Amino acid sequence: MKNRQALKVKIKKQLVWYSFLVVSIVTLIVLTYIPMLTTIKYSFFDVQVLGFGEDRFVGFQNYQKIMNNSSFLKSIGNTFLLAFMGLVSIPVGFILASLINNIGRGKWQSFFRVGYYFPNIITGVSVVLIFQIVLKANGGLLNNALSLLTGREVAIGWLSDSHYSRFGATILGVWGSMGYSMLINLASLQSIPAEIYEAAEVDGANGFKQWWYITIPQMASCFAFLFITSIINGLARFSDLFIIGGNASAGRPGGTLQTILMYIYQFSFESPQYGIASAGAMILFVLTFVITLVNLKMTGFFKKKDV
């Protein structure tokens with residue numbers, strides 16, 4: 001009798017625990033896995049209107065169309081170029097973290113940590129509005145500063161000239177992400193045992209040698225993490241570039257800022273061809289997956305560790 005009561009109590013407790021999991025599992029299935037499987041299906045069909053009419057199976061034609069489309073190929077190039085240019089935030093964050101770490105733990109370090117991380121709190125729309133003033137061709141703050149430094153008038157259209165738009169978008173992106181990079185770098189720096197530096201100093205290693213032979217190797221895993229997250233975020237970049245282009249997916253100016261996601265948006269909402277959009281989404285997924293695997297392989301994630 002006692003065993004039965006104990007079993008009932010145990011089952012009741014487990015049902016309570018599983019009830020919390022059910023909500024999350026159902027949410028994942030409805031909002032993530034079903035749309036994912038639907039996207040895979042649509043990529044092989046000619047889908048003009050969702051929920052109406054019979055979808056026509058076309059096989060790999062959607063993939064062939066977009067892979068032979070110059071705009072899509074250009075969007076792939078733009079996506080990777082902007083993603084790799086955005087990696088500048090990693091060394092910038094490391095430099096800021098090193099400077100903050102040298103201050104010592106106290107109020108000033110907290111002040112600078114919050115100050116540099118603050119751009120991450122600001123919404124994407126607000127950041128774009130700010131930088132449309134900073135990077136304006138005539139009277140922009142950056143051009144005014146360059147004019148003072150060079151002694152002549154500088155009027156570069158950082159966001160309006162197709163020759164400079166990628167640089168302007170990179171400046172905007174780095175400003176928004178350097179605080180996150182700084183915080184991760186700072187946490188990694190502060191996790192390095194002080195005893196290693198003390199031993200190196202006793203052995204006669206100067207500051208540069210300590211930085212080169214101790215700090216940099218100890219930061220390798222941190223750099224790898226920031227590299228992969230920055231690349232993935234770069235591949236998923238959309239909102240700020242969309243606003244810069246005048247709330248259009250063309251990637252203005254001159255299509256230089258059209259990413260894969262903007263191309264997918266174009267055939268999802270502006271010129272609905274859901275089969276094309278789904279095929280583009282699957283190609284983006286494969287690219288992201290491959291890059292993640294390569295990075296994990298390079299960082300030794302799959303190496304067997306001795307227990």
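I began with T288, which, leaving aside its neighbours within four places in sequence, is in contact with I232 and L235. This is a predicted model, and I read what follows as such. I placed T288 in helix 14, residues 274-298, and noted that T288 is buried, because its relative accessible area of 18% falls under the 20% cut-off.

Next I looked up helix 6, residues 124-134, where I found V127, V128, F131 and V134 to be the buried residues. Seen down the axis of helix 6, these residues fall within an arc of 120°, so they line one face of the helix. I recalled that an α-helix has 3.6 residues a turn, so residues three or four places apart point the same way. For what covers the buried residues of helix 6, I listed helix 7 (141-150), helix 8 (165-190) and helix 12 (239-244) among the elements involved.

I then turned to V92, which sits in helix 4, residues 89-103, and is partly exposed, with a relative accessible area of 27%. I noted that V92 and V174 are 82 residues apart along the chain, while their C-alpha atoms are separated by 8.5 Å.

Both residues belong to the contact of helix 4 with helix 8, in which S89, I90, V92 and F94, among others, meet residues of helix 8 including V174, S177, M178 and L189. I recorded that the residues of this contact divide into eleven nonpolar, eight polar and no charged.

Methods: Residues are numbered from 1 along each chain as its sequence is written. This is a predicted model: local features need pLDDT of at least 70, side-chain atom pairs count only at pLDDT 80 or more; totals for chains, interfaces and linings use all residues. Side-chain values use heavy atoms; hydrogens and water are left out. Buried means under 20% relative accessible area, exposed over 50%, partly exposed in between (1.4 Å probe, protein chains only). Helices (H or I, at least four residues) and strands (E, at least two) are DSSP runs, numbered from the N terminus. The arc is that of the directions from the helix axis to the C-beta atoms. Contact means heavy atoms within 4.5 Å. Ala, Val, Leu, Ile, Met, Phe, Trp, Tyr, Cys and Pro count as nonpolar, Asp, Glu, Lys and Arg as charged, and the others, Gly among them, as polar.
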